Amino acid sequence: MAVNQEPKLEYKTLKEILESVPPGRWVSVRDLAILGRSIGHRGYFTELPRLDLHCGKEKCNGTRFFSSEDSLQPEIGLIVERSLHFKCCNCGEYRKTFAVSVSVDKGTTGVVIDGSVYKLGEFPPFGPPTPSRLITLISPDRELFLKGQAAEN
């Protein structure tokens, strides 16, 4: 890459960011929000995607659909911080929470707008699930192993 060349923006979908991008960086999102109207509010809205995530409940114990009833309403020129709560569509019990910051540049106009999302964190933490058999095998060093795994992720 030449010295004065700007890096290309990598656009991802909100679904890709929530499912597979680790916390700690801004990611550009194409078609982040659409102009609309709801009761008492006219502005931009983001339809939260259905996610494919690991459900840790014993009866699911695998990748399942997760949905959310939360709303995300980015505002032009402001950084909006939200917690987004998703629930497993199969068991209805297992939950995943994401903390995000959302930004849309000033001067952005149109019915559909692009923006940026920063994943502040998530719970349960980002990364592949740890098999229960492995946890059983390392039980005396479980906490140390999980801290190391979190740092690696």
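Predicted model: local features only at pLDDT ≥ 70, side-chain atom pairs only at ≥ 80, totals over all residues.
Contact here means heavy atoms within 4.5 Å.

**Confidence**
- The protein chain has an average pLDDT of 81, and 76% of the residues score at least 70.

**The nonpolar core**
- The largest nonpolar core counts 27 residues, and Phe 66, Phe 86, Phe 98 and Val 117 are the ones with the most contacts inside it.
- Two or more residues each come from helix H1 (14-20), strand S2 (26-38), strand S4 (51-55), S6, S7 and strand S8 (112-123).
- S2 gives the largest share of this core, with four residues.

**Aromatic rings**
- Searching the whole structure turns up three aromatic pairs.
- One of them is Phe 86 with Phe 98: the ring centres sit 5.8 Å apart and the planes meet at 85°, so this pair is edge-to-face.
- That pair ties together distant parts of the chain, with Phe 86 in strand S6 (residues 79-88) and Phe 98 in strand S7, 12 residues apart.
- Phe 86 and Phe 98 are both buried.
- There's also a charge over a ring: Arg 50 lies over the face of Phe 65, at 4.6 Å from the ring centre.

**Gly 43**
- You'll find Gly 43 in strand S3 (residues 41-45).
- Its relative accessible area is 13%, under the 20% cut-off, so Gly 43 counts as buried.
- Not counting residues up to four places away in sequence, Gly 43 touches Ile 34, Leu 35 and Gly 36.
- Gly 43 and Pro 74 are 31 residues apart in sequence, and their C-alpha atoms are 8.3 Å apart in space.

**Ser 103**
- Ser 103 belongs to strand S7 (residues 95-103).
- With a relative accessible area of 16%, again under 20%, Ser 103 is buried too.
- Setting aside residues up to four places away in sequence, Ser 103 touches Trp 26, Leu 32, Leu 78, Ile 79, Gly 115 and Ser 116.

Note on methods
Residues numbered from 1 in each chain as written. Heavy atoms only, no water. pLDDT = per-residue confidence, 0-100. Buried < 20%, exposed > 50% of the residue type's maximum accessible area, 1.4 Å probe, protein only. Phe/Tyr/Trp six-rings, centres within 6.5 Å; stacked < 30°, edge-to-face > 60°. Lys NZ or Arg CZ within 6 Å of the ring centre and 35° of its normal. Core = buried A, V, L, I, M, F, W, Y, C linked by side-chain atoms within 4.5 Å.
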